[in-house]
Amino acid sequence: MSQFNYLNELNNIITMDGELTKGPAPRWQKKMDLSAASSSFNASSMNTSRQKLSVSFNGQQTVPPGTLSGKTPSKKPGGGSSTKKEGKSQTPSQKQPSGGDRFIPNRTTTDFDLGHYMVKQNEARKETEGDGSGEDGQQQQNGTNPSPKNAERIKILSEAVKGCDISNKRILSYQTKAPAAPEGHMNPLKVVYSVKTPMSTKSGSRFIPNAPERILDAPDIINDYYLNLMDWSGDNVVAVALGSSVYLWNAASGNIEVLYENEGGDHACALSWIQEGHILAVGTSTGTVELWDCEQMKRLRIMDGHSGRVGVLAWNSYVVCSGSRDGSIVNHDVRTRDHNVATLRGHSQEVCGLKWSSDGKHLASGGNDNLVNVWSTANGAPHTTTDPLYAFNQHQAAVRALAWCPWQPNTLATGGGTADRCIKFWNVSNGQLLNSVDTKSQVCGLLFSKNYKELISAHGYVNNQLTIWKYPSMNKQIDLLGHTGRVLQIAMSPDGSTVMSAGADETLRLWNCFQPDPLLSKKEKSVTREKPSLLKQSIR
């Protein structure tokens, strides 16, 4: 038997699978025991303090109102207040803290009775939410929600006892102003709030260069708000009228050519490229519209129909619309001999703005009579009817700046002159005004971006700036400064990345403000990549 006892003891010593019942407890177990003991002690102390401080509102003890509002409750079982020397305040005065800026509640103005009652009522309301059983008296004794009649009666009694609306009463009362930090105290977080955050970081916007990429001279450009002397074609050629001549600038190669030069006092008043091709329409000071082939550098035809100068042109397929100083708009079908398809008379003064919508269903016209007219197409044809669909008269000055939203074809943006200074947005489906923004300066041009949901506007006095807005929130992104005279007109490149501005300071400035995101462009290229042919796949 002794040898078996010896073997059992030896096995117990060697075996490591069981729990260690002897020796000191592990460190983690000591920490858990300490935390549990401290939490249970805090909970018990809080419960005893609440029991001593609380006075039931339901009438178990009748205490006159205001007896406990300004004094510290007694710890004696008798419930009486502690007797101290007369002449001294029951609560010590507030002193400046030794450090930091803590916000300490004021005990002298805190009503502990009312605070305890409000806390108990909130707890009872949460516990009995959705439970409507029980009689009213039993609900009142158990602290649950009473019936609506008793609840109203309790509310009236509590307001009469406390003299205020207890629903707006705070449980803890604080001083009106936080105590000041001690002299010489420095807040280490002050640097975080004092650093100026860049505009791009605050608005979450992209980087926009605030300087022009290139500046070209434009001598003798006519400083007239009602003329449209520049346009950018789909073939990347810019046409600009300088004095009595019309110039062509190839943006890709940089070559400059003279299309023609007027003799005498005549000059070009409006330029507009056809949507696809190399045909340029030119409105003249004599009231005619000329068509020029810019590859052959020759004039194709002359179309009349106006008694005053032609200051604005707009193409829609094979129809070009011309607006004149005589207040009329003529639709010219350039394919036929009788080119005058329709004459629109919706303005009493000079027409200075014309723009077709992206879907070709609506034509917007702005005039010096402060009117904006919207014309619809006639039975699907590229020309309009003779009666306007809508006439907007909310602008207080001439309307020259017009732009249609490319992703919302029914949204029209219009800009007013010096006396108006507003950009307005219209829904041409129902004729409602969507938004109006005061720009604080004359609006000379509007363009929607093709790459971003943004809008760029050209302005005159005081700053002569170009402003980029986020659409539709109309949060200002950036002001592009540089022109010393008002911006007469703006045009956009075919890819939508660059905007050219013509100013009264006789300069043309190119702003690379809508450069597409390279990551998005790479994704688009990867999506549109052509599959290699089977012949190339078979060759190794």
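Trainee: What classes of residue make up the lining of the largest pocket?

Mentor: The lining of the largest pocket has 25 nonpolar, 13 polar and four charged residues (Ala, Val, Leu, Ile, Met, Phe, Trp, Tyr, Cys and Pro count as nonpolar, Asp, Glu, Lys and Arg as charged, and the others, Gly among them, as polar). Mind you, this is a predicted model, where local features need pLDDT of at least 70, side-chain atom pairs count only at pLDDT 80 or more, and totals for chains, interfaces and linings use all residues. Residues are numbered from 1 along each chain as its sequence is written, and side-chain values use heavy atoms, with hydrogens and water left out.

Trainee: What makes a space a pocket, and what makes it a cavity?

Mentor: On a 1 Å grid over the protein atoms alone, a cavity is a set of points where a 1.4 Å probe fits but cannot get out, while a pocket is an open set with protein on both sides within 12 Å along at least five of seven lines; lining residues have an atom within 4 Å of a point. The largest pocket holds about 1,200 Å³ of space (probe spheres set on the points fill this volume, with points joined across faces, edges and corners). Among its 42 lining residues, Asp231, Trp232, Lys355, Trp356 and Leu447 are the closest to its centre.

Trainee: Why is the pair of Phe392 and Trp426 called stacked?

Mentor: Rings of Phe, Tyr and Trp (its six-membered ring) pair if their centres lie within 6.5 Å; planes under 30 degrees apart count as stacked, over 60 as edge-to-face and the rest as tilted. Here the centres are 4.1 Å apart with 5° between the planes, so the pair is stacked. Phe392 lies in strand 17 and Trp426 in strand 20, so the pair ties together parts 34 residues apart in sequence (strands are DSSP runs of E, at least two residues, numbered from the N terminus).

Trainee: How do you know that strands 24 and 25 pair?

Mentor: Pairing takes at least two DSSP bridges, and these strands share five, in the antiparallel sense. Ile468 stands opposite Ile478 in strand 25. The open sheet runs 22-23-24-25, with strands 22 and 25 at the edges, each pairing on one side only.

Technical notes. Helices (H or I, at least four residues) and strands (E, at least two) are DSSP runs, numbered from the N terminus.
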